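Subject: Structure handover

Hi,

My notes follow below it.

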Amino acid sequence: MDITPMTPDGKQVIVSYGPDRFKVNTTRYRGSIVVLPDMVHEWNITSIADLTVESLEMVFDAEPSVEILLLGCGSSMELVPSHFKQALRDRGVGIDQMDTGAACRTYNILLSEGRRVAAALIAMPAD
C-alpha cells in the first residue's frame, strides 16, 4: 500500500509497510524501526513488552527536538503503562499509540505539515 504524501526534500517518508517490513524513501527495512524526519534507526523491539524509555534514546537526542512520538504497536493498538507515558512527557515528548499502519500514515501527514514528529514502529508479524 503506497501512502506517500507530498513532503519536503530530504525528509524520511514512509512509502510502504507490511508484515515484518517497511520502505522509507528508497530503503527497505526488515523488523521494527524508528523514523525521524532526517534518519531511520533499526529498532530491536518486537512487542510492547520489550519497550523501555532507554530504547527511545534516539528520539530524545534528535535535533530539532521531537514534540510527538507515534508508537505503532503492531497489528493492533495496545496501551502502554502510564508511568512510561509520564517518563516521555518528563522528557518533553508526547506519545500517541496506535496500530503500526495508522502510525505510518499519521507520521507522513504530520511530517508534511512540518511537525516535529517521530514514529517508533513495531513490525507487524509475518503470516
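**Salt bridges and a buried cysteine**

Arg115 is partly exposed, at 38% relative accessibility. The bands are: buried under 20% relative accessible area, exposed over 50%, partly exposed in between (1.4 Å probe, protein chains only).

Before the rest, the ground rules. This is a predicted model: local features need pLDDT of at least 70, side-chain atom pairs count only at pLDDT 80 or more, and totals for chains, interfaces and linings use all residues. Residues are numbered from 1 along each chain as its sequence is written, and side-chain values use heavy atoms, with hydrogens and water left out.

Arg115 pairs with Glu67 in a salt bridge, with 2.6 Å between the closest N and O atoms. The term means a side-chain nitrogen of Lys or Arg within 4 Å of a carboxyl oxygen of Asp or Glu. Glu67 is in the loop between α1 and β6 (68-72), and Arg115 in the loop between α3 (100-112) and β8 (117-121), 48 residues apart. Helices (H or I, at least four residues) and strands (E, at least two) are DSSP runs, numbered from the N terminus. Glu67 is partly exposed at 29%.

How many salt bridges does the rule give? The count is two. Glu57 and Arg91 form one, at 3.0 Å, N to O. Glu57 sits in helix α1 (residues 57-60) and Arg91 in the loop between α2 (82-90) and β7 (94-98), so the pair ties together parts 34 residues apart in sequence. Glu57 is partly exposed at 29%. Arg91 is partly exposed too, at 43%.

Now the cysteine. Cys104 lies in helix α3. Its relative accessible area is 0%, so Cys104 is buried.

Best wishes
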